[in-house]
Amino acid sequence: MGSLVFQPTEERRRSGSHYTPRALTRPIVEEALLPWLERCGGKPTVVQILALKICDPAMGSGAFLVECCRYLAELLELAWNREGLPEALKAGGSAHGEEPLIYARRLIAQSCLYGVDKNPFAVNLARLSLWLVSLSKDAPFTFVDHALKCGDSLVGMERSEIEKALKGASRQRELQMEYLEEVRQQEARSFALFHADSRNDADDAQKRQALDDLNASTAYLRTVGDLLVAAFFNGKKQKDREELKKLYLEATLQHDTAASLENELAEPLERLREGEQGITPLHWQLAFPDVFGRPESGFDVFVGNPPFVGGRKIKEALGEPFQDWHQCQYPKSSANADLSAFFFLRCFHLLRPGGSLGLIATNTIAQGDTRSTGLCWICLHGGTIYAALKRYKWPGVAAVVVSVIPIFKGDYSGSKLLEKRPVEQITAFLLSNGVHDDPMPLRANTGRSFQGSIVLGMGFTFDDSGPADDETPGIPSPIATMNRLIAKNPGISKVIFPYIGGEEVDDSPTHAHHRFVIDFRDRSEEECRQKWPELMELLEKKVKPQRQEKKPNGEYKQRAPLPEKWWIHADKRPALYAAIAGLDKVIANLFISSTFGFSSLDSKIVFANTLNVFPLPQLSGLSCLQCRVHEVWTKFSSSTMGDGIRYTPSDCFSPFPFPAAFLESVSSDPAHEVTRQNLEAIGERYHQFRAELMVSNNEGLTSTYNRFHDPAETSSGLLELRRLHGEMDQAVLNAYGWSDVPTACGFGLDYLDLEDDAQLPDDLQDRIDSGELFFWEPDEACAFEAQVRAYGAVKGKKKLPWRYRWPDDVRDDVLARLFALNAERYGEEVALGLHGKGAKKAAWPATAGGKRRGRPPKATQAGETAGVQVEQMGLGL
């Protein structure tokens with residue numbers, strides 16, 4: 001005989017939904033109800049309990065609602081023990097003989113619990129779950145139809161907006177006012193019945209009739225609400241949406257029933273509701289009038305496990321209008337924010353003052369655009385995060401790590417717990433101190449970071465490391481061709497430069513370049529043909545055909561003016577080459593890399609767009625960028641690409657608050673001069689030792705730092721590099737005035753991907769599940785790795801992502817200090833007028849390592865710098 005199997009549907013997969021096991025629901029429910037329980041002195045009365053209104057905005061099969069039912073019923077039974085049993089449970093009462101706990105669950109389910117899901121099958125499952133948890137042998141199924149609704153929690157109109165639109169469109173305002181009052185009276189009558197227990201079939205039938213009456217009375221309002229949403233989703237632009245709204249509302253003048261209005265506007269309503277990405281709006285105040293009709297309207301608590309959908313996938317999974325809706329509802333939100341951020345915002349909005357929520361999210365909830373859209377906005381608008389688990393292993397089969405975030409609507413005065421440790425506050429970054437706001441760009445860092453040139457055509461280059469000839473478009477020419485051309489016309493050397501990219505910087509022990517590139521900067525075609533006809537002839541064969549490739553419709557594939565100006569680079573970065581014109585050396589790192597490494601490079605070179613370039617005080621700048629202070633900042637601020645970090649200067653460098661010794665305002669302070677000298681000294685020792693080590697081992701940056709982080713590494717050279725790195729960290733921390741920060745490091749795993757079928761011993765599995773994957777001693781780390789390999793959890797040559805780093809508490813402390821310092825510095829710059837129109841750029845003090853080879857060039861327009869820069873930087877072969 002077959003068995004019943006529940007299989008996740010494509011809708012559940014597409015929306016990122018997971019069933020929530022009880023091991024996770026119980027602690028979240030308890031934490032979410034904690035502020036309410038504290039207000040009740042830990043012993044809530046019967047009245048206080050039954051007055052609670054709790055909602056799950058994405059209830060699925062009802063796991064959270066069932067847990068709320070169990071937990072609150074236990075509290076209700078304790079309250080009865082203190083206050084006495086209700087009349088219904090006493091002799092002669094309607095529920096006499098019923099088990100008190102079951103009766104308590106029935107009352108809780110009918111009075112306190114509410115849920116929403118966009119999937120009608122999920123609503124039925126949640127109803128079944130509540131029936132089962134409150135099942136009585138003598139009474140009908142618990143009536144919960146009034147409280148479980150099918151609809152989209154994130155899409156709907158405020159009741160006040162619907163009523164205002166209806167009144168505004170009506171020529172008989174008095175009749176509309178009378179209708180709205182009748183609706184409210186019907187709501188009051190119906191919900192008085194809904195909250196009482198159903199003890200027989202007659203009770204149940206009476207409730208169902210009351211629900212039918214209620215739905216009939218609100219149907220017209222709900223249809224008008226749906227039409228207002230349809231006007232948005234069916235229009236592409238704001239003007240279109242306003243016209244559709246006006247058109248739909250005009251229909252209410254001729255149709256005074258929901259049925260006739262639905263029939264008249266069936267087509268736009270069908271477009272909204274039907275299809276793979278169809279929307280069933282939920283108008284919260286109409287769906288739950290008893291909750292929002294209270295003096296302090298709103299829910300007391302939200303709990304749940306909203307679906308996980310990444311910001312970039314929302315448009316694909318749920319449709320572009322769905323994404324546009326949230327941009328309009330929350331004007332300061334980001335289109336890149338994950339869906340969970342909007343559930344946090346929606347639930348926070350629907351809480352009554354003093355209410356709380358406890359939701360599950362992925363760890364991106366405290367990162368980037370998702371954090372600034374959700375937690376940051378909430379914390380800056382009256383919300384208090386009072387507990388947080390940043391990395392919580394999902395119990396059961398779903399292979400995910402989640403964050404659990406309870407939030408109080410108001411100023412929470414109770415104790416706060418971050419990772420179960422008492423703290424004074426929890427910021428939107430889920431740190432124990434600091435600020436909620438995103439770091440702001442600092443004027444002092446302007447003009448100090450650049451991305452390299454975008455050449456857009458390997459035909460500009462000369463390179464012998466791969467296929468090369470003088471005819472084929474899109475590949476380099478041989479270096480012998482370059483030498484032949486220069487021998488024929490020595491002036492060509494003025495526009496041919498050494499060319500270096502991420503590959504050379506990362507793989508070469510000496511960061512040696514092996515390519516050259518033609519760079520005319522902004523020179524005109526006429527000038528280039530006149531001075532360097534040989535090069536133009538070469539580029540006409542190697543670059544022009546690709547630049548001027550066309551689509552089937554005859555348009556150029558490349559954006560203007562790239563096809564028309566085929567002889568110059570796509571992005572010439574004139575500001576970069578103007579900034580480094582007088583420097584001997586610059587600092588550079590890879591735009592995308594799994595290695596956090598900065599190098600000192602010759603400035604007389606063209607840098608590829610795979611590199612970031614920093615014209616900073618040379619060795620002290622290297623100390624500040626390479627140290628762990630900047631590393632933890634970068635890892636928090638950057639986005640990722642595969643296993644690599646994307647170091648975007650606008651995110652990682654521009655807001656970074658360097659030590660005060662780098663500020664112009666203290667450049668003449670002797671104490672800060674000593675600090676700069678200390679940073680120069682350790683920067684020189686670290687860079688010199690690393691350079692010699694890389695040459696000795698014939699290894700580039702990636703290989704070197706892979707060994708640096710490997711707990712099995714025992715070579716004296718790598719151990720010394722670790723020691724020097726710690727010394728550099730200490731010097732930078734001292735420069736900040738943070739000498740109290742401990743610099744001891746151990747070996748940590750920020751994540752751990754294991755084979756799905758691995759069976760591990762309980763103690764090992766418990767450690768992995770706890771997220772405690774930091775080891776002070778290399779032997780401990782190696783023993784842990786040996787264990788997981790022995791049980792087949794890691795196979796073959798797959799490497800574990802070890803990092804030789806600070807422990808999490810030190811990392812979080814430094815991050816919080818940096819965020820606070822950024823806010824302080826930004827405030828100072830604003831006060832100095834450095835962020836208004838016409839503001840001056842703050843300068844950095846010069847240091848010995850950053851001396852220029854002459855007077856710095858005056859700031860000029862891009863076209864004016866070209867000739868000067870080429871003269872200064874040409875090969876001179």
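## A buried strand

A residue is called buried when its relative accessible area is under 20%. The model discussed here is predicted. In strand E15 (residues 585-590), five of the six residues are buried, so the strand is largely enclosed by the rest of the structure.

Strand E15 has two pairing partners described here. With strand E17 (residues 599-602) it runs antiparallel, and four bridges join the two; Val 586 has Leu 601 of E17 as its bridge partner. With strand E19 (residues 611-614) the pairing is again in the antiparallel sense, over four bridges, and Ile 587 stands opposite Phe 614 of E19.

## The protein as a whole

The protein contains 35 helices and 24 strands. Of its 877 residues, 54% are buried. The accessible surface amounts to about 39,100 Å², and carbon and sulfur atoms account for 52% of that area.

Among contacts with a separation of 6 or more, 73% are between residues 24 or more positions apart.

## A three-stranded sheet

An open sheet of three strands, paired antiparallel, has the order E23-E22-E24. Its edges are strand E23 (774-775) and strand E24 (802-805), each of which pairs on one side only. Strand E22 (residues 746-749) is joined to E23 by two bridges, and the two strands run antiparallel. Within this pairing, Gly 748 has Phe 774 of E23 as its bridge partner.

In soluble globular proteins, nonpolar side chains tend to be buried together. The largest nonpolar core of this model has 110 residues, and the members that touch the most others are Phe 520, Phe 607, Val 629 and Phe 784. Helix H31 (residues 716-736) supplies the largest share of this core, with nine residues. Apart from this core lies another, of 79 residues, which includes Ala 287, Ala 341, Leu 357 and Ile 365.

What surrounds Phe 520? Leaving aside residues up to four places away in sequence, Phe 520 touches Val 495, Cys 528, Trp 532, Leu 535, Met 536, Leu 539, Trp 567 and Ile 568. Phe 520 itself is buried, at a relative accessible area of 1%.

## Aromatic pairs

A pair of aromatic rings is described by the distance of the centres and the angle of the planes. The structure holds 38 aromatic pairs. In one of them, the ring centres of Tyr 330 and Phe 342 are 6.0 Å apart and the planes are at 40°, so this pair is tilted. Tyr 330 lies in the loop between helix H17 (320-329) and helix H18 (339-350), while Phe 342 belongs to helix H18; the two are 12 residues apart, and the pair links distant parts of the chain.

Phe 520 is in the loop between strand E14 (515-518) and helix H22 (525-531), and Trp 532 is in the loop between H22 and helix H23 (533-542), so the pair ties together parts 12 residues apart in sequence. Trp 532 is buried, at 5% relative accessible area. Elsewhere, one aromatic cluster has among its members Phe 429, Phe 596, Phe 614, Trp 633, Tyr 647 and Phe 819.

## Cysteines without disulfides

How many disulfides does the model contain? The count is zero, where a disulfide would require two cysteine sulfur atoms within 2.5 Å. For Cys 112, the closest cysteine sulfur is that of Cys 69, 8.8 Å away, which is too far for a bond. Cys 347 is likewise in no disulfide, its nearest cysteine sulfur being that of Cys 55 at 7.1 Å. Cys 112 is buried, with a relative accessible area of 0%, and Cys 347 is also buried, at 2%.

## An exposed loop residue

Asp 138 sits in the loop between helix H7 (120-133) and strand E3 (148-150). Is this residue buried or exposed? With a relative accessibility of 52%, Asp 138 counts as exposed. The C-alpha atoms of Asp 138 and Gly 97 are 9.3 Å apart in space, although 41 residues separate the two in sequence.

Terms used
Residues numbered from 1 in each chain as written. Predicted model: local features only at pLDDT ≥ 70, side-chain atom pairs only at ≥ 80, totals over all residues. Heavy atoms only, no water. Buried < 20%, exposed > 50% of the residue type's maximum accessible area, 1.4 Å probe, protein only. Pairing = 2+ DSSP bridges. Contact = heavy atoms within 4.5 Å. Areas by Shrake-Rupley, 256 points an atom, 1.4 Å probe, with all protein chains shown as cover. Core = buried A, V, L, I, M, F, W, Y, C linked by side-chain atoms within 4.5 Å. Phe/Tyr/Trp six-rings, centres within 6.5 Å; stacked < 30°, edge-to-face > 60°.
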